[in-house]
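Try each task before you read its solution.

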Amino acid sequence: MENIEKLKEYLLTIHPVRKSGGQKEEFRKWLGGELRRSGWRSHEEHYGKLNGSVNVVAGDPDKATVFLCAHYDTASRMLVPNFISPTNVAAHVVYHFAAALVMVVLALLVSFAVSFPLNQPGLMLPLFVILALGLLWFSAYGPANRSNANGNTSGILALLAIAKALPHNKRVCFVFLDNNERNLLGASAFRKKHPDATSTALFFNFDCVGDGENLLLMPSKLSRWDESLLSALDEAFPDSGAVHPKVLTQGLIYYPSDHRKFKFHVAVCACRHLAGLGYYIPRLRTKRDTVLSLDNIAAITEGMVRFVPLYLEET
(Lines give C-alpha, C1' and ligand atoms only; values in the text may rest on other atoms or scores of the structure.)
Protein backbone atom coordinates (compact mmCIF):
# COMPACT_ATOMS: atom_id res chain seq x y z
CA MET A 1 0.00 0.00 0.00
CA GLU A 2 3.04 2.29 -0.01
CA ASN A 3 2.31 3.44 -3.56
CA ILE A 4 -1.36 4.02 -2.69
CA GLU A 5 -0.31 6.17 0.28
CA LYS A 6 1.80 8.29 -2.07
CA LEU A 7 -1.17 8.63 -4.43
CA LYS A 8 -3.32 9.72 -1.51
CA GLU A 9 -0.85 12.42 -0.48
CA TYR A 10 -0.49 13.57 -4.09
CA LEU A 11 -4.24 13.88 -4.58
CA LEU A 12 -4.80 15.72 -1.30
CA THR A 13 -1.86 18.06 -1.94
CA ILE A 14 -1.89 18.72 -5.70
CA HIS A 15 -5.54 18.10 -6.66
CA PRO A 16 -7.57 18.73 -3.49
CA VAL A 17 -10.22 20.73 -5.37
CA ARG A 18 -11.71 19.68 -8.71
CA LYS A 19 -14.53 22.15 -9.25
CA SER A 20 -13.57 24.61 -11.98
CA GLY A 21 -12.95 23.64 -15.60
CA GLY A 22 -9.23 24.27 -15.24
CA GLN A 23 -8.91 22.23 -12.06
CA LYS A 24 -10.72 19.31 -13.65
CA GLU A 25 -8.62 19.46 -16.82
CA GLU A 26 -5.34 19.37 -14.86
CA PHE A 27 -6.63 16.44 -12.83
CA ARG A 28 -7.68 14.49 -15.94
CA LYS A 29 -4.24 14.92 -17.49
CA TRP A 30 -2.64 13.42 -14.41
CA LEU A 31 -5.29 10.70 -14.17
CA GLY A 32 -4.72 9.53 -17.74
CA GLY A 33 -1.02 9.07 -17.04
CA GLU A 34 -1.66 7.22 -13.80
CA LEU A 35 -4.06 4.83 -15.53
CA ARG A 36 -1.48 4.15 -18.27
CA ARG A 37 1.10 3.30 -15.62
CA SER A 38 -1.42 0.84 -14.20
CA GLY A 39 -1.89 -0.86 -17.58
CA TRP A 40 -5.23 0.71 -18.52
CA ARG A 41 -5.71 2.87 -21.62
CA SER A 42 -8.16 5.67 -21.05
CA HIS A 43 -9.99 8.25 -23.09
CA GLU A 44 -12.19 11.24 -22.38
CA GLU A 45 -15.84 11.45 -23.34
CA HIS A 46 -17.16 14.97 -23.93
CA TYR A 47 -20.91 15.57 -24.01
CA GLY A 48 -21.24 19.09 -25.36
CA LYS A 49 -21.59 22.52 -23.83
CA LEU A 50 -25.15 22.03 -22.66
CA ASN A 51 -24.27 19.07 -20.44
CA GLY A 52 -20.73 20.26 -19.79
CA SER A 53 -19.44 16.94 -18.44
CA VAL A 54 -16.17 15.19 -19.30
CA ASN A 55 -15.94 11.58 -18.12
CA VAL A 56 -12.72 9.58 -18.13
CA VAL A 57 -13.21 5.98 -19.31
CA ALA A 58 -10.64 3.17 -19.02
CA GLY A 59 -11.71 0.04 -20.85
CA ASP A 60 -14.32 -0.66 -23.52
CA PRO A 61 -17.87 0.23 -22.41
CA ASP A 62 -19.35 -1.83 -25.24
CA LYS A 63 -17.65 -5.05 -24.07
CA ALA A 64 -17.79 -4.56 -20.31
CA THR A 65 -20.29 -6.26 -18.01
CA VAL A 66 -18.90 -4.72 -14.80
CA PHE A 67 -18.36 -0.98 -14.47
CA LEU A 68 -16.41 0.53 -11.58
CA CYS A 69 -17.27 4.19 -11.06
CA ALA A 70 -16.51 7.20 -8.88
CA HIS A 71 -17.14 10.89 -9.43
CA TYR A 72 -14.07 13.11 -9.52
CA ASP A 73 -15.64 16.55 -9.16
CA THR A 74 -15.77 18.26 -5.78
CA ALA A 75 -18.50 20.38 -4.22
CA SER A 76 -18.98 23.83 -2.80
CA ARG A 77 -18.81 24.61 0.90
CA MET A 78 -22.18 24.30 2.62
CA LEU A 79 -23.31 26.50 5.49
CA VAL A 80 -24.01 23.31 7.44
CA PRO A 81 -22.52 19.79 6.95
CA ASN A 82 -24.13 17.66 4.26
CA PHE A 83 -25.56 14.96 6.50
CA ILE A 84 -26.30 11.58 4.86
CA SER A 85 -27.74 8.49 6.53
CA PRO A 86 -28.32 5.77 3.91
CA THR A 87 -30.35 3.54 6.22
CA ASN A 88 -32.29 6.22 8.10
CA VAL A 89 -34.20 8.03 5.40
CA ALA A 90 -36.41 9.86 7.92
CA ALA A 91 -33.38 11.40 9.64
CA HIS A 92 -31.90 12.35 6.26
CA VAL A 93 -35.10 14.12 5.16
CA VAL A 94 -35.68 15.85 8.51
CA TYR A 95 -32.11 17.15 8.64
CA HIS A 96 -32.18 18.66 5.16
CA PHE A 97 -35.65 20.10 5.70
CA ALA A 98 -34.46 21.69 8.95
CA ALA A 99 -31.33 23.07 7.25
CA ALA A 100 -33.47 24.65 4.50
CA LEU A 101 -35.87 26.01 7.12
CA VAL A 102 -33.00 27.64 9.03
CA MET A 103 -31.90 29.45 5.86
CA VAL A 104 -35.46 30.60 5.17
CA VAL A 105 -35.85 31.90 8.74
CA LEU A 106 -32.47 33.64 8.52
CA ALA A 107 -33.52 35.35 5.28
CA LEU A 108 -36.82 36.38 6.88
CA LEU A 109 -35.12 37.87 9.94
CA VAL A 110 -32.61 39.83 7.86
CA SER A 111 -35.30 41.19 5.54
CA PHE A 112 -37.38 42.25 8.56
CA ALA A 113 -34.36 43.86 10.23
CA VAL A 114 -33.70 45.92 7.09
CA SER A 115 -37.25 46.90 6.12
CA PHE A 116 -38.62 47.68 9.62
CA PRO A 117 -36.20 50.52 10.54
CA LEU A 118 -36.69 52.03 7.08
CA ASN A 119 -40.47 51.85 7.48
CA GLN A 120 -40.67 50.13 4.09
CA PRO A 121 -42.95 47.08 4.50
CA GLY A 122 -43.12 46.64 0.72
CA LEU A 123 -39.38 45.98 0.71
CA MET A 124 -39.63 42.95 2.99
CA LEU A 125 -41.03 40.36 0.54
CA PRO A 126 -38.68 40.99 -2.42
CA LEU A 127 -35.69 41.21 -0.07
CA PHE A 128 -36.72 37.96 1.60
CA VAL A 129 -37.02 36.17 -1.76
CA ILE A 130 -33.63 37.46 -2.92
CA LEU A 131 -31.91 36.45 0.32
CA ALA A 132 -33.54 33.00 0.48
CA LEU A 133 -32.63 32.21 -3.13
CA GLY A 134 -29.14 33.59 -2.56
CA LEU A 135 -28.55 31.33 0.44
CA LEU A 136 -29.80 28.29 -1.47
CA TRP A 137 -27.59 29.20 -4.43
CA PHE A 138 -24.60 29.65 -2.13
CA SER A 139 -25.08 26.15 -0.70
CA ALA A 140 -25.22 24.58 -4.16
CA TYR A 141 -22.84 26.72 -6.23
CA GLY A 142 -20.86 28.83 -3.77
CA PRO A 143 -17.11 28.85 -3.10
CA ALA A 144 -15.33 25.52 -3.42
CA ASN A 145 -14.87 23.40 -0.35
CA ARG A 146 -11.11 23.04 0.15
CA SER A 147 -11.20 19.74 2.06
CA ASN A 148 -12.54 16.77 0.08
CA ALA A 149 -10.71 13.74 1.42
CA ASN A 150 -13.83 11.63 1.82
CA GLY A 151 -16.02 13.29 -0.78
CA ASN A 152 -14.86 12.06 -3.19
CA THR A 153 -11.06 11.80 -3.27
CA SER A 154 -11.62 8.49 -1.47
CA GLY A 155 -13.59 7.11 -4.42
CA ILE A 156 -10.88 8.15 -6.89
CA LEU A 157 -8.18 6.53 -4.76
CA ALA A 158 -10.24 3.34 -4.49
CA LEU A 159 -10.58 3.09 -8.29
CA LEU A 160 -6.88 3.72 -8.85
CA ALA A 161 -5.95 1.10 -6.25
CA ILE A 162 -8.27 -1.44 -7.89
CA ALA A 163 -6.88 -0.59 -11.36
CA LYS A 164 -3.35 -1.32 -10.11
CA ALA A 165 -4.30 -4.60 -8.41
CA LEU A 166 -6.85 -6.05 -10.85
CA PRO A 167 -5.56 -7.96 -13.89
CA HIS A 168 -6.72 -6.35 -17.11
CA ASN A 169 -10.05 -7.77 -18.25
CA LYS A 170 -12.05 -6.59 -21.27
CA ARG A 171 -15.28 -7.20 -19.32
CA VAL A 172 -14.29 -4.56 -16.74
CA CYS A 173 -14.48 -0.82 -17.36
CA PHE A 174 -13.48 2.07 -15.08
CA VAL A 175 -15.44 5.33 -15.31
CA PHE A 176 -14.44 8.54 -13.54
CA LEU A 177 -17.63 10.57 -13.65
CA ASP A 178 -17.94 14.33 -13.85
CA ASN A 179 -20.60 16.63 -12.43
CA ASN A 180 -22.02 14.52 -9.64
CA GLU A 181 -22.56 17.82 -7.86
CA ARG A 182 -24.61 19.14 -10.79
CA ASN A 183 -27.51 16.72 -10.60
CA LEU A 184 -25.49 13.69 -11.76
CA LEU A 185 -24.97 15.10 -15.26
CA GLY A 186 -21.91 12.97 -15.96
CA ALA A 187 -23.70 9.72 -15.11
CA SER A 188 -26.74 10.77 -17.14
CA ALA A 189 -24.60 11.52 -20.18
CA PHE A 190 -22.73 8.22 -19.91
CA ARG A 191 -26.00 6.27 -19.77
CA LYS A 192 -27.34 8.15 -22.79
CA LYS A 193 -24.16 7.52 -24.83
CA HIS A 194 -24.04 3.80 -23.98
CA PRO A 195 -27.69 2.72 -23.65
CA ASP A 196 -27.18 -0.97 -24.44
CA ALA A 197 -24.32 -1.52 -22.01
CA THR A 198 -25.82 0.50 -19.17
CA SER A 199 -29.19 -1.23 -19.38
CA THR A 200 -27.80 -4.67 -18.48
CA ALA A 201 -24.36 -4.24 -16.91
CA LEU A 202 -23.55 -4.09 -13.20
CA PHE A 203 -22.27 -0.77 -11.86
CA PHE A 204 -20.25 -0.31 -8.69
CA ASN A 205 -20.21 3.28 -7.45
CA PHE A 206 -17.61 4.26 -4.85
CA ASP A 207 -18.61 7.51 -3.19
CA CYS A 208 -17.37 8.63 0.23
CA VAL A 209 -15.54 5.44 1.16
CA GLY A 210 -12.82 7.00 3.32
CA ASP A 211 -14.36 7.92 6.69
CA GLY A 212 -15.99 5.20 8.80
CA GLU A 213 -15.20 1.62 9.70
CA ASN A 214 -18.50 0.24 8.33
CA LEU A 215 -18.28 -0.42 4.60
CA LEU A 216 -21.82 -0.53 3.22
CA LEU A 217 -22.46 -2.39 -0.04
CA MET A 218 -25.98 -1.55 -1.18
CA PRO A 219 -27.38 -3.42 -4.20
CA SER A 220 -30.25 -1.82 -6.10
CA LYS A 221 -33.73 -3.27 -5.74
CA LEU A 222 -33.34 -5.20 -8.99
CA SER A 223 -29.86 -6.42 -8.04
CA ARG A 224 -31.10 -7.78 -4.71
CA TRP A 225 -32.61 -10.68 -6.66
CA ASP A 226 -29.28 -11.62 -8.26
CA GLU A 227 -28.12 -14.61 -6.21
CA SER A 228 -24.77 -14.84 -8.01
CA LEU A 229 -24.09 -11.20 -7.15
CA LEU A 230 -25.02 -11.55 -3.47
CA SER A 231 -23.04 -14.78 -3.12
CA ALA A 232 -19.95 -13.20 -4.69
CA LEU A 233 -20.24 -10.12 -2.46
CA ASP A 234 -20.49 -12.20 0.69
CA GLU A 235 -17.48 -14.28 -0.29
CA ALA A 236 -15.36 -11.38 -1.52
CA PHE A 237 -15.93 -9.02 1.40
CA PRO A 238 -15.35 -10.84 4.71
CA ASP A 239 -15.07 -8.88 7.96
CA SER A 240 -11.40 -7.99 8.31
CA GLY A 241 -11.56 -6.64 11.84
CA ALA A 242 -10.48 -3.08 11.05
CA VAL A 243 -13.18 -2.66 8.39
CA HIS A 244 -16.64 -4.20 8.61
CA PRO A 245 -18.26 -4.82 5.19
CA LYS A 246 -22.05 -5.13 5.27
CA VAL A 247 -24.17 -6.17 2.29
CA LEU A 248 -27.54 -4.46 2.77
CA THR A 249 -30.48 -6.13 1.03
CA GLN A 250 -33.35 -5.34 3.38
CA GLY A 251 -35.35 -2.24 4.16
CA LEU A 252 -35.50 1.24 2.67
CA ILE A 253 -32.11 2.57 1.60
CA TYR A 254 -31.47 5.99 0.11
CA TYR A 255 -28.01 7.06 -0.96
CA PRO A 256 -27.97 10.00 -3.42
CA SER A 257 -25.16 9.44 -5.91
CA ASP A 258 -24.37 8.48 -9.51
CA HIS A 259 -25.43 4.83 -9.22
CA ARG A 260 -29.06 5.95 -9.24
CA LYS A 261 -28.75 6.48 -13.00
CA PHE A 262 -28.09 2.77 -13.59
CA LYS A 263 -30.60 -0.05 -13.19
CA PHE A 264 -28.27 -2.71 -11.79
CA HIS A 265 -25.83 -1.33 -9.27
CA VAL A 266 -24.05 -1.67 -5.97
CA ALA A 267 -23.49 1.60 -4.11
CA VAL A 268 -20.48 1.58 -1.80
CA CYS A 269 -19.82 4.03 1.02
CA ALA A 270 -18.14 4.07 4.42
CA CYS A 271 -20.18 5.06 7.46
CA ARG A 272 -19.95 5.53 11.15
CA HIS A 273 -22.64 4.10 13.41
CA LEU A 274 -24.55 5.77 16.23
CA ALA A 275 -27.09 3.94 18.37
CA GLY A 276 -30.57 5.29 17.69
CA LEU A 277 -29.52 6.91 14.42
CA GLY A 278 -27.86 4.10 12.50
CA TYR A 279 -25.24 4.53 9.79
CA TYR A 280 -24.20 8.04 8.78
CA ILE A 281 -21.48 9.90 6.87
CA PRO A 282 -19.94 12.82 8.80
CA ARG A 283 -18.41 16.17 7.88
CA LEU A 284 -19.12 16.25 4.15
CA ARG A 285 -18.71 19.61 2.41
CA THR A 286 -16.95 21.17 5.40
CA LYS A 287 -13.33 22.02 6.20
CA ARG A 288 -13.28 18.97 8.50
CA ASP A 289 -13.56 16.50 5.60
CA THR A 290 -9.97 15.35 6.05
CA VAL A 291 -10.25 11.60 6.80
CA LEU A 292 -9.29 9.06 4.13
CA SER A 293 -8.56 5.67 5.68
CA LEU A 294 -6.08 3.48 3.83
CA ASP A 295 -7.56 0.50 5.67
CA ASN A 296 -10.82 1.20 3.85
CA ILE A 297 -9.04 1.47 0.50
CA ALA A 298 -7.20 -1.82 1.13
CA ALA A 299 -10.44 -3.60 2.09
CA ILE A 300 -12.19 -2.33 -1.03
CA THR A 301 -9.28 -3.23 -3.30
CA GLU A 302 -8.86 -6.73 -1.91
CA GLY A 303 -12.61 -7.28 -2.00
CA MET A 304 -12.99 -6.20 -5.62
CA VAL A 305 -9.99 -8.29 -6.73
CA ARG A 306 -11.77 -11.29 -5.23
CA PHE A 307 -15.23 -10.26 -6.44
CA VAL A 308 -14.60 -9.68 -10.15
CA PRO A 309 -13.51 -13.22 -11.13
CA LEU A 310 -16.16 -14.76 -8.84
CA TYR A 311 -18.92 -12.74 -10.46
CA LEU A 312 -17.70 -13.01 -14.05
CA GLU A 313 -17.55 -16.80 -13.77
CA GLU A 314 -21.30 -16.82 -13.15
CA THR A 315 -22.32 -14.33 -15.86
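The exercises below cover a helix pair and a pocket.

This is a predicted model, where local features need pLDDT of at least 70, side-chain atom pairs count only at pLDDT 80 or more, and totals for chains, interfaces and linings use all residues. Residues are numbered from 1 along each chain as its sequence is written, and side-chain values use heavy atoms, without hydrogens and water.

**Exercise 1.** Describe how α6 and α10 cross.

*Solution.* 
1. Find the helices (DSSP runs of H or I, at least four residues, numbered from the N terminus). They are α6, residues 149–165, and α10, residues 294–314.
2. Take the axes (lines fitted to C-alpha atoms over the stretch in contact, with angles from 0 to 180 degrees between N-to-C directions). They come within 9 Å and cross at roughly 45 degrees.
3. Classify the angle. Under 35 degrees is roughly parallel, over 145 roughly antiparallel, 65 to 115 roughly perpendicular, and the rest oblique. α6 and α10 are therefore oblique to each other.
4. List the contacts (heavy atoms within 4.5 Å). Among them, Ser154 and Leu157 are on the α6 side, and Thr301 and Met304 on the α10 side.
5. Sort the contact residues: 10 are nonpolar (Ala, Val, Leu, Ile, Met, Phe, Trp, Tyr, Cys, Pro), two polar (the others, Gly among them) and none charged (Asp, Glu, Lys, Arg).

**Exercise 2.** Which helix gives the most to the lining of the largest pocket?

*Solution.* 
1. α2 (21–37), α4 (89–118) and α5 (121–141) each supply at least two lining residues.
2. α4 gives the most, with seven residues.
3. By class, the lining has 20 nonpolar, 17 polar and 11 charged residues.
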